[in-house]
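Work through the exercises below with the sequence and the model side by side. Try each task before reading its solution.

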2 protein chains.
Amino acid sequence: MTEVNLTQISKKFGKSTVLKQIDLTLAGQTIYGLLGRNGAGKSTLLNIIENRIPATSGSVQIDGEDNVNNDLALGKVYLMSEQNLYSNSAKVDQIFRETALFYPGFDFELAHQLTNKFELNENLRFGKLSTGYRAVMKDIIALAVDAEVILLDEPTLGLDAAHRELFYQELMEAYAKRPRIFVISTHLIEEIAGLIEHVLLLKDGKMMLNDTTENLLAQSYAITGPEKQVQEYTAGLNVIGHDSLGKLRSDYVFGELDDQRILPDTVSVEGIDLQKLFINLTNGQWEKERA
Amino acid sequence: MTEVNLTQISKKFGKSTVLKQIDLTLAGQTIYGLLGRNGAGKSTLLNIIENRIPATSGSVQIDGEDNVNNDLALGKVYLMSEQNLYSNSAKVDQIFRETALFYPGFDFELAHQLTNKFELNENLRFGKLSTGYRAVMKDIIALAVDAEVILLDEPTLGLDAAHRELFYQELMEAYAKRPRIFVISTHLIEEIAGLIEHVLLLKDGKMMLNDTTENLLAQSYAITGPEKQVQEYTAGLNVIGHDSLGKLRSDYVFGELDDQRILPDTVSVEGIDLQKLFINLTNGQWEKERA
């Protein structure tokens, strides 16, 4: 099984540092969710893994081989991104065939099944496809290539709700048939929360979280009740945010609760979902002002 | 107040007809939602209004003036789209100034306030912006130009959840301060359902719905209960779709119910939301197969 290792990856664009000393291992048969606010560095990270842009420092190893100028290593990775790499005059089926030159195990049968399900005409030229259908085509390619590591940068950008649902289903099916590494970067966290087994959270260019979804949710709580009692109960805990409704308050806690504390009858402790955890861990100035 | 009139607009790309004899009037101070599945022709329609692509037949009039080769008429309209029209080396503040050459009433003060709120550095070059921040920049321009008709083609594509919420708030504020015509095309219908006053629904290149959100929802129902009773009750009504859960069934009806029919105690009638109405009105082969 393929393993990807990033060691101390940093990236500067001019004066701004986009990624700061990222260490990361992608391994096993896992669907990773790469999360982060706009501008957190998600796309930059994925592009560095696929060697489309160079890191300022640090290295990426694919099965122990450096990824720079290394077609063999890079053939194990496929990056689906927003960037349009195709000629406007190329037809969809022609793009499939060109992709198969680099990924010889390209699954044409699956690709044809998927163009049918998504109602994508393979005779259309890339330049004539709508924004949504360009993404559909790229998603189909990502599911059909025989790479061991599939990086999906915003795979549902521009897809309507029914196409998004279809894509998630087909992704799960492709993964079940041939387990491999998927990394999905998206802003529609609610929609993929059930899919991702492992969360990678970028904030300000650093890897803030790198853990299984299960572990993360097991230490994420909403403490709800009358304002005063809630604040007494959560004092000193790792409160990452709160919501208020009149005199009621929910404090969101990430980390261990204190077993010694007595929970008043009026206060409840519940789990929170990934979207809520994400929002509270990544809130910027704007949310702080609102809070 | 500006009025836009489309008369019998059709558009062919090669052999495929994307738009079929669209008649449409945009008028008053209204936030329109332009909805439709992937490939329905939404972007094509907006591009024709702004004269970025020519119609195959039909005409667009802006305050009674044809929009072809007519800078005065086109100056009343602004189209924010996924297309990147800017030089990669242009800085954000420079792009604002260039926009002001075409839209002299460009609101620099609002633009600066918004770059602050979205934490967009105006000194960055367009080519260095992430996908999400490119959309943020274009959204800011769309809210700051002094056009009477603002067309927004997928304004939240690539925006994270907090930025999407901020954008909706700022849009409502801009609209309250200076009411004008907004047309928003998006696939995140749930998020904008509360914003849009008037629905334009494209299906297979035709304008399938053109009515106020209020009128549409007033004739949209979910009839829920035991399968047999539900189907007896809805027989002959305009059933646009259904969901099943065990032996329970919801039939979705669009149009008048029959006052003469007796509603069994076991069957309930409720309204549905815009997203549900949309999905059931636009379901394609794929959903039909699932049903």
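This is a predicted model: local features need pLDDT of at least 70, side-chain atom pairs count only at pLDDT 80 or more; totals for chains, interfaces and linings use all residues.

**Exercise 1. Confidence**

Task: State the mean pLDDT of chain A, and find where in chain A the pLDDT is below 50.

Solution. Start with the average. Chain A has a mean pLDDT of 94. Of its residues, 97% reach 70 or more. Residues 285-291 of chain A have pLDDT below 50. This stretch still has 13 contacts in the model beyond near neighbours in sequence.

**Exercise 2. The annotated domain**

Task: Which residues of chain A does UniProt list for "domain: ABC transporter", and what is their helix and strand content?

Solution. First, the record. An unreviewed UniProt entry lists residues 4-229 of chain A under that name. Next, the model. Over residues 4-229 of chain A, 34% is helix and 30% is strand. The end C-alpha atoms of this range are 47 Å apart.

**Exercise 3. A mixed sheet in chain B**

Task: Give the strand order of the open sheet of 6 strands in chain B, then name its edges.

Solution. 
1. The order is β6-β7-β8-β3-β9-β10 of chain B, and the pairing is mixed.
2. The edges are β6 (77-80) and β10 of chain B, each pairing on one side only.
3. From one strand to the next, the twist averages 15 degrees.
4. Two helices can now be placed. Helix α5 (residues 131-144) of chain B packs on the sheet and touches β6, β7 and β8 of chain B. Its direction makes about 165 degrees with that of β6(B).
5. Helix α1 (residues 42-49) of chain B lies across β3, β6, β7, β8, β9 and β10 of chain B. It runs at about 150 degrees to β7(B).

**Exercise 4. Strand β9 and its partners**

Task: Which strands do bridges join to β9(B), and in which sense do they run, parallel or antiparallel?

Solution. Take the β3 side. Strand β3 (residues 31-35) of chain B runs parallel to β9(B), with 4 bridges between them. Here Y32(B) stands opposite H198(B). Now take the β10 side. Strand β10 (residues 206-212) of chain B runs antiparallel to β9(B), with 6 bridges. L200(B) stands opposite N210(B), and L202(B) has M207(B) as its bridge partner.

Check the turn. The hairpin of β9(B) and β10(B) has 2 residues between the strands, and D204(B) takes a positive phi near 50 degrees. Finish with cover. Of the 6 residues of β9(B) (198-203), 5 are buried.

**Exercise 5. The antiparallel sheet**

Task: Give the order of the open sheet of 4 strands in chain B, and say which helices lie across β11, β12 and β13 of chain B.

Solution. 
1. The order is β12-β13-β11-β14 of chain B, with antiparallel pairing.
2. β12 (239-245) and β14 (268-271) of chain B are the edge strands.
3. The twist averages 20 degrees from one strand to the next.
4. Between β12(B) and β13 (residues 248-254) of chain B there are 6 bridges. S244(B) has R249(B) as its bridge partner.

**Exercise 6. Positive phi within strands**

Task: What is the phi of Q8(B) and of Q21(B), and how accessible is each residue?

Solution. Begin with the background. Most residues other than glycine have a negative phi. Q8(B) has a positive phi of about 50 degrees. It sits in strand β1 (residues 4-13) of chain B. At 33% relative accessibility, Q8(B) is partly exposed.

Q21(B) has a positive phi near 45 degrees. It sits in strand β2 (residues 16-26) of chain B. With a relative accessible area of 54%, Q21(B) is exposed.

Conventions:
Residues are numbered from 1 along each chain as its sequence is written. Chains are lettered from A and ligands numbered from 1 in the order in which they are written. Side-chain values use heavy atoms; hydrogens and water are left out. pLDDT is the predictor's confidence in each residue, from 0 to 100. Contact means heavy atoms within 4.5 Å. Buried means under 20% relative accessible area, exposed over 50%, partly exposed in between (1.4 Å probe, protein chains only). Two strands pair if DSSP finds at least two bridges between them. Axes are lines fitted to C-alpha atoms, for helices over the stretch in contact, and angles run from 0 to 180 degrees between N-to-C directions. UniProt positions are given in the numbering used here, feature names are shortened, and annotations may be inferred rather than shown by experiment.
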